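Here is a note on the model, as numbered points. Please read it beside the structure.

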Amino acid sequence: MVGGFADCELIQHRMKEKFGKHKKIIIPAEAGLVVLKGAVLYGHQPKVISARFLRRTYGIQSLWGPHMQPESKKSYLVDVNRCKDLFFKYAKVGEQVVVDHEVSQTPDPRYVTDQSCQRLGNLIIPLPEVRAGQTLEIEETMIFGDTELIVRARDLHTGRVVETQFDLL
């Protein structure tokens, strides 16, 4: 236990009572200062954290197709049958990622409307105009940085690259 309330004996007792049979409860000396000390250490030596385990699965909502999907998911875009609400996974919960780990789109779709999916934020990438008869092919890459998530989009026809930061809700 770390943080301000970790020094409270009442909370320590309750945590041990509730979880002590199944989990080992560790309370470091000066538990209230551990978070602050970690933040200061990270500020002076950002590479002290070289990897982390993801607490969520990361991906984007996308249109893709044509696939045989339920009728409710069919969408028509520029005279092409597409499937709406698909979830393209980039990295999954529990996966270890090092700083600046890059993952390009990995089609493993599932619907964003599934109960297990939750919108964490919005991602806005300025895309070039598409004229009738043209197609737009974009390769998206997620970059798991120190404390932020960067998304890079590359137009496969022109090579133009745009990067943006993921804005959490």
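1. About 30 Å³ of space lies in the second largest cavity. A cavity is a set of points, on a 1 Å grid over the protein atoms alone, where a 1.4 Å probe fits but cannot get out; lining residues have an atom within 4 Å of a point. Grid points are joined across faces, edges and corners, and a volume is the space filled by probe spheres set on the points. The lining consists of Ala 51, Arg 52, Val 97, Val 98, Val 99, Phe 144 and Gly 145. Strand S1 (51–53) and strand S5 (96–98) are the elements that give two or more residues to this lining. By class, the second largest cavity has five nonpolar, one polar and one charged residues in its lining. Ala, Val, Leu, Ile, Met, Phe, Trp, Tyr, Cys and Pro count as nonpolar, Asp, Glu, Lys and Arg as charged, and the others, Gly among them, as polar.

2. This is a predicted model: local features need pLDDT of at least 70, side-chain atom pairs count only at pLDDT 80 or more, and totals for chains, interfaces and linings use all residues. Residues are numbered from 1 along each chain as its sequence is written, and side-chain values use heavy atoms, with hydrogens and water left out.

3. Confidence next. The chain averages a pLDDT (the predictor's confidence in each residue, from 0 to 100) of 81, and 85% of the residues score at least 70. Strand S3 (residues 74–77) is lowest, at a mean of 62, and helix H1 (residues 9–19) is highest, at 92. Where pLDDT is low, the predicted coordinates should not be read in detail.

4. The chain has two helices and 12 strands. Helices (H or I, at least four residues) and strands (E, at least two) are DSSP runs, numbered from the N terminus.

5. Phe 144 also belongs to the one aromatic pair found in a search of the whole structure. Its partner is Tyr 58; the pair is edge-to-face, 5.4 Å centre to centre, with 75° between the planes. Rings of Phe, Tyr and Trp (its six-membered ring) pair if their centres lie within 6.5 Å; planes under 30 degrees apart count as stacked, over 60 as edge-to-face and the rest as tilted. Tyr 58 lies in strand S2 (residues 58–64) and Phe 144 in strand S9 (residues 138–144), so the pair ties together parts 86 residues apart in sequence. Phe 144 is buried, at 6% relative accessibility. Tyr 58 is partly exposed, at 21%. Buried means under 20% relative accessible area, exposed over 50%, partly exposed in between (1.4 Å probe, protein chains only).

6. Look at strand S10 (residues 149–155). Five of its seven residues are buried, so S10 is largely enclosed by the rest of the structure. S9 and S10 pair in the antiparallel sense over seven bridges; two strands pair if DSSP finds at least two bridges between them. Glu 139 stands opposite Arg 154 in S10. S10 and strand S11 (residues 161–165) run antiparallel, joined by five bridges. Here Arg 152 stands opposite Glu 163 in S11. Five residues lie between the strands of this hairpin, where Gly 159 takes a positive phi near 85°.

7. S10 also gives the largest share of the lining of the largest cavity, three residues. That cavity holds about 50 Å³ of space. Its lining includes Ala 153, Arg 154 and Asp 155. Seven of the lining residues are nonpolar, none polar and three charged.

Technical notes: 1 Å grid on protein atoms, 1.4 Å probe; cavity = no way out; pocket = protein on both sides within 12 Å on 5 of 7 lines; lining within 4 Å.
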